[in-house]
Amino acid sequence: MKVIYIEKAQWASGLEKAGDSFRLWGPVRRGPFYAFDKLASGQVPALDFRNTRLSAKGLVYPQSEKMFEYTLDPGQPDHDLLKEAQKDYSPRAVLGIRPCDADAFELVARNFDTPEYQDPYWLRAREAVTLVGLACAAPCSTCFCTSAGSGPFSTKGLDILLVDSGGNFLAQVVTPKGEAFAQAAGWRQTADDTAAAEIETHRQAAEARITAHVPTDRLKQQDTLELHAAPFWDDVAFACINCGTCTYLCPTCWCFDIQDETHGRQGVRLRNWDSCMFPLFTLHGSGHNPRGQKVQRVRQRFMNKLKYYVDKYENGIQCVGCGRCVRHCPVNIDIRKVCELMNSYTLAGDSCAVVS
Amino acid sequence: MQNPYLPYAVRIEDIITETEDKNLKTFKLAFENPADEEKFVYAAGQFAELSVTGKGEIPIGIASSPTEKGFVMFTVNKVGLVSSHLHTMQPGDLMGIRGPLGNSYPWELLEGRNVVIIGGGFAFTTLRASIVYMLDLANRSRFGEIHVIYGARSPGMLLYRDELAAWEARDDIHMHITVDATDDPDWKYNVGFVPTITEKKAPQADAETYAIICGPPIMIKFTQPVLDNLGYGHDHIIMSLENRMKCGIGMCGRCNIGRHFVCKDGPVFTLAQLNGIPKEY
């Protein structure tokens, strides 16, 4: 893989040049947290953070997104007809995205890009974006990406991976899109032969700092109905307040709602992030609700990520190990512990005995 | 790229109030654009999203048969925001439909076989489509014996009453219409719940006989043991499920039962399939 050498002194000027052909987005500080936002001309992304509070999924899949526009004015010839909402799909680069968040786009694509149907909003936005990632030298205590098929130096989903090497970045150029971005930024200096070895050293050091190891090896062979009926769900769900924080922060949760919103006679058909934590998510018109109880909803979230998805796509778990849900859950529900319970569950065994 | 969320424009041609409580209306819809009608190729058992601009969408089984040309038909129970608004709409009004969605009943498998249709209440819509489809002149010879057990609370709550009467008069379909109770002295059909009538009237199971069952959960719960007693294998019992839906194309995430989406992988499942899936429907 081609590695280019970027002096940190060339970083800001390179971004300014790239800004001529790309809309630039990156992490910025907002109070005690970091969030992805559009960078003003001359603004550099903040790279001294561990991770943003919200994942990067909203860059391609906004929390609230116009699908169609309409008028209900009977005097208009196109009244009651839905018209495509105008969107900006011009080239956009996201700087400083963490490898786990980039990997999540690959995972979520399995939902939005299927043989039968393609979600045009997600696909066009994904196509328009170039991901310039930043390798994690100092993962958090809640990170478990290496157990989730990702890693602090993973290049999955990325176009460029930046590795901080003191006074400079070593940039692995992963795709032609990444090549085009480097060109636009004027970063042309190929790194010397020692770069690959240096990246590898940094990678090993970063992976060694990840202390959480979550076993997932038995999830596939587990029986769905036995797991579904396992006695530990009441314990897992006991403290849950169904706030939905986990699903909103998660880079791999993709569920949405569709709503019409009318002001006067003009309106939009929107889609909004939704959450399996909410009773309304599954409420039938009749009043019947197949997941009306909290424990059913908590079980759904973990079963979907750690069993249904595993069986359906044969591509690991529906999680990249970013740890956001662990860090931000107000009642300390930890997906790593639940995964361990599910992975080690046996019908005959005492489920309490297998958790340390 | 085709946008799967964009409905076809349709105009309401006719509205029929089906039941005495006036809560069920049938909407006959005609495509505004003939090219859309050509794209809307469906089979009995599939559903569509009915779109009312400014209100939203609802997933409804297609009640017309693909053999009926020039329109599509939906029978809608008045329940929520969209369906209530739909009930106030008039012939000539413009709305949208998106689909066809989901899988139909397994017509290739059913070819040459006997079919027992068991329905209750207002879940008779895609069953009506199936009956019309099988009774079509070009299709009737492709199927064996056809039995229909259909029940409602009272005679006035039966859907498609004129058609039921016409089918009763035919000798190539065995109709077993029933109501839970009635004080109508002229009622000439069965009285009793669907499971009871199934026990009395459904043919014994054999490898060549399939049951299609669609109805409220309570009816299904008590009909299934009857079919078990009659010897129906669970791979010979075909069911159509419903769950809350939005996208209808397997993306919005809410209608799943285990790893399957009711919208995209269903709504038609065999009981054998459902036995291995969490019962979250």
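# Close-up views of a predicted two-chain model

The buried residues of helix α7 of chain B are M219(B), I220(B), T223(B) and L227(B), and, like everything shown in these views, they belong to a predicted model.

**View 1. Helix α7(B) and the elements around its buried residues.** Helix α7(B) covers residues 217-229, which makes 13 residues, and it reaches 19 Å from its first C-alpha to its last, close to the 18 Å expected at 1.5 Å a residue. The buried residues of this helix pack against four elements of chain B, namely β7 (114-120), α6 (194-201), β11 (209-214) and β12 (237-240). After α7(B) comes G231(B), a residue whose phi is positive, near 95 degrees.

**View 2. The packing of α6(B) with α7(B).** Two packed helices are described by the angle between their axes and the distance between the axes. Here the axes of α6(B) and α7(B) come within 8 Å and cross at roughly 20 degrees, which means that α6(B) is roughly parallel to α7(B). The crossing in which α6(B) passes α7(B) is right-handed. On the α6(B) side the residues that meet the partner are V194(B), P195(B), T198(B) and E199(B), while α7(B) brings M219(B), F222(B), T223(B) and V226(B). Sorted by class, the residues of this contact are five nonpolar, two polar and one charged.

**View 3. Two cis peptide bonds in chain B, one at P100(B) and one at P267(B).** Most residues other than glycine have a negative phi, and most peptide bonds are trans. The bond that joins G99(B) and P100(B) is cis, with omega at about -5 degrees, and P100(B) has its place in strand β6, residues 94-101 of chain B. The bond that joins G266(B) and P267(B) is also cis, with omega at about 0 degrees, but P267(B) lies in the loop between β14 (260-261) and β15 (268-270) of chain B.

**View 4. Positive phi values at N242(A) and E314(A).** E314(A), which is not a glycine either, has a positive phi of about 50 degrees. The place of E314(A) is in the loop between α9 and α10 (324-328) of chain A, and this residue counts as exposed because it has 8 other C-beta atoms within 10 Å.

**View 5. The surroundings of V60(A) in chain A.** V60(A) sits in the loop between β3 (33-38) and β4 of chain A, and it counts as buried because it has 23 C-beta neighbours inside 10 Å. When residues up to four places away in sequence are left out, V60(A) touches F105(A), W122(A), A125(A), R126(A) and V129(A). V60(A) and R124(A) are 64 residues apart in sequence, and in space they are 8.6 Å apart, C-alpha to C-alpha.

**View 6. The packing of α1(A) with α4(A).** Helix α1 (residues 11-18) and helix α4 (residues 176-185), both of chain A, pack at an angle of about 105 degrees, with their axes 7 Å apart, and therefore α1(A) is roughly perpendicular to α4(A). From α1(A) the contact takes G14(A), L15(A), K17(A) and A18(A), and from α4(A) it takes F181(A), A184(A) and A185(A). By class, this contact has five nonpolar, one polar and one charged residues.

**View 7. The packing of α9(A) with α11(A).** The axes of α9(A) and helix α11 (residues 335-344) of chain A come within 11 Å and cross at roughly 60 degrees, so α9(A) is oblique to α11(A). The crossing is right-handed, and the contact is made by F302(A), L306(A) and K307(A) of α9(A) together with V338(A), C339(A) and M342(A) of α11(A). In this contact five residues are nonpolar, none is polar and one is charged.

**View 8. The contact between chain A and chain B.** The contact takes 38 residues from chain A and 32 residues from chain B. On the side of chain A that touches chain B, the elements that give two or more residues are β4 (64-71), α2 (99-112), α3 (120-128), α6 (224-228), β10 (256-263) and α9 (294-313) of chain A. The largest share of that side, six residues, comes from β10(A). By class, the residues on the chain A side divide into 19 nonpolar, twelve polar and seven charged.

Key
Residues are numbered from 1 along each chain as its sequence is written. Chains are lettered from A and ligands numbered from 1 in the order in which they are written. This is a predicted model: local features need pLDDT of at least 70, side-chain atom pairs count only at pLDDT 80 or more; totals for chains, interfaces and linings use all residues. Two residues are in contact if their C-beta atoms, placed from the backbone, lie within 7 Å. Ala, Val, Leu, Ile, Met, Phe, Trp, Tyr, Cys and Pro count as nonpolar, Asp, Glu, Lys and Arg as charged, and the others, Gly among them, as polar. Axes are lines fitted to C-alpha atoms, for helices over the stretch in contact, and angles run from 0 to 180 degrees between N-to-C directions. Angles under 35 degrees count as roughly parallel, over 145 as roughly antiparallel, 65 to 115 as roughly perpendicular and the rest as oblique. A crossing is left-handed if the near helix is turned anticlockwise from the far one by less than a right angle, and right-handed if clockwise. The expected span of a helix is 1.5 Å times one less than its number of residues. A residue is buried if 20 or more other C-beta atoms lie within 10 Å of its own, exposed if 12 or fewer, and partly exposed in between; C-beta atoms are placed from the backbone.
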